[in-house]
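Please open the viewer and follow the stops in order.

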Amino acid sequence: MAIRSNSYSERSVTMKLYFSQNSPYARRPRLVLHEAGLQDEVEEEDLTPRAENDAVLFANGPGGKVPALITNTGAFIVESLLICRYLDDLSGNKLTPPQPEERDKAIQLEGTASVLMDTLYFRTHEGRRDESHQVSTVKEKDAKIAMATYDALNEAAADFGDTINLGIITTISALGYADWRHPSDNWRDGRPLLADWYERISNRPAMKLTAPIY
Ligand SMILES: N[C@@H](CCC(=O)N[C@@H](CS)C(=O)NCC(=O)O)C(=O)O
C-alpha cells in the first residue's frame, strides 16, 4: 500500500479533514477545528466510510477510516487523538490550558472520555453481530465501564464551567454518541452536574454543527 508522498509545499495548500457526520471519532477534530478557529486553514469533506468512498480513504493510507487529515505537506494522518493534537498545535495550543495543573486535568478528562467513546463504540459493534455470536460478558463489561465513566465525568463536571479544551471536546463527542447509539444507558439519570453542563454547552454553534443526525 503506497503512502501518499509529500508533494505539497508547506502552507501552500489548504489542509483537508475527512469526516463522517455521525462518527464520534471524527467529531473530535471537527470540534477542534471550529473551536480553535481553523476554518480558513482546514477544509472539511464528508467521506462516510462506505464502498464508494473507500477508494479515496484507502488510496491515502491503509486504514480506510475517518477521521483522516491531509496536511499541507501531503502527510495523511489518521487517529482522532493525533489529529486533535496536530490541529491544536497548529492553533497555538488554544485548546490546551497553559497552567500545568489545568493542563493535566484536561488530559485526564480526555483519557476518561476516550475510554467511554471506545467502550460505547465496541458495544455498538458487538450488538451488531449475529445474536448467536455475541458475547454477553463482553457487552456487560463494556456497559459497566460506561456507567463508571459517566460517574467519573459527572464528578469532573463540577469544574467544567464554560471552558473548552481537548478533554471537554472528547467528552461532548462521547456523550453525543451515547445519546444516539445507547439511549438506554440514560446517562443523565443521577448525574445532574454532567446533564446540566451538557445542556448548556450543546448550544454552542460548533456543537450544533457537528452533532450526530438521526
Ligand atoms: N481509533 C480511531 C477510530 C476511528 C474509527 O473507528 N472510525 C470509524 C467511524 S466512527 C470508521 O471509520 N469506520 C469505518 C470502518 O471501520 O470501515 C480514531 O480514534 O480515529
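A residue is called buried when its relative accessible area is under 20%, exposed when that area is over 50%, and partly exposed in between, with a 1.4 Å probe and protein chains only. The model is predicted: local features need pLDDT of at least 70, side-chain atom pairs count only at pLDDT 80 or more, and totals for chains, interfaces and linings use all residues. Residues are numbered from 1 along each chain as its sequence is written, and side-chain values use heavy atoms, with hydrogens and water left out.

**First stop: an exposed helix residue**

Select K144, which lies in helix α5, residues 136-156. Helices (H or I, at least four residues) and strands (E, at least two) are DSSP runs, numbered from the N terminus. K144 counts as exposed because its relative accessible area is 66%.

**Second stop: the ligand**

Select the ligand next. Which residues surround the ligand? They are S23, P24, Y25, P49, K65, V66, P67, E79, S80 and Y121; a residue is near a molecule if one of its heavy atoms lies within 4 Å of it. This shell divides into 6 nonpolar, 2 polar and 2 charged residues. In that division, Ala, Val, Leu, Ile, Met, Phe, Trp, Tyr, Cys and Pro count as nonpolar, Asp, Glu, Lys and Arg as charged, and the others, Gly among them, as polar.

A side-chain N or O atom of K65 is 2.8 Å from an oxygen atom of the ligand. On its own the ligand has 520 Å² of accessible area, of which the protein covers 74%. Accessible areas come from the Shrake-Rupley method with a 1.4 Å probe; for residues, only the protein chains shown count as cover.

The ligand sits in the largest pocket. A pocket is an open set of points on a 1 Å grid over the protein atoms alone, with protein on both sides within 12 Å along at least five of seven lines. A molecule sits in a pocket if more than half of its atoms lie within 2 Å of its grid points.

The peptide bond from V66 to P67 is cis, with omega near 5°. P67 itself lies in the loop between α2 (51-60) and β3 (68-70).

Move to Q21, in the loop between β1 (15-19) and α1 (24-35). Is Q21 buried or exposed? Q21 is buried, because its relative accessible area is 17%. The side chains of Q21 and R30 are joined by a polar contact of 3.2 Å. Such a contact is a pair of N or O atoms within 3.5 Å; within protein, one must be able to donate a hydrogen and the other to accept it, and residues adjacent in sequence count only if both atoms are side-chain atoms. Select L209 as well: its backbone oxygen lies 3.2 Å from a polar side-chain atom of Q21.

Select T119, which is placed in helix α4. T119 is buried, with a relative accessible area of 3%. Its side chain makes a polar contact of 2.8 Å with the side chain of D142. L109 also belongs to helix α4 and is buried, at 7% relative accessible area. E102, likewise in helix α4, counts as partly exposed because its relative accessibility is 35%. E102 and N165 are 63 residues apart in sequence and 10.0 Å apart in space, C-alpha to C-alpha.

Select N93, in the loop between α3 (80-90) and α4 (100-128). Its phi is near 60°, a positive value in a residue other than glycine. N93 is partly exposed, at 38% relative accessibility. Then select N186, in the loop between α6 (166-181) and α7 (192-201). N186 is not a glycine, yet it has a positive phi of about 45°. At 43% relative accessibility, N186 counts as partly exposed.

Definitions and conventions:
1 Å grid on protein atoms, 1.4 Å probe; cavity = no way out; pocket = protein on both sides within 12 Å on 5 of 7 lines; lining within 4 Å.
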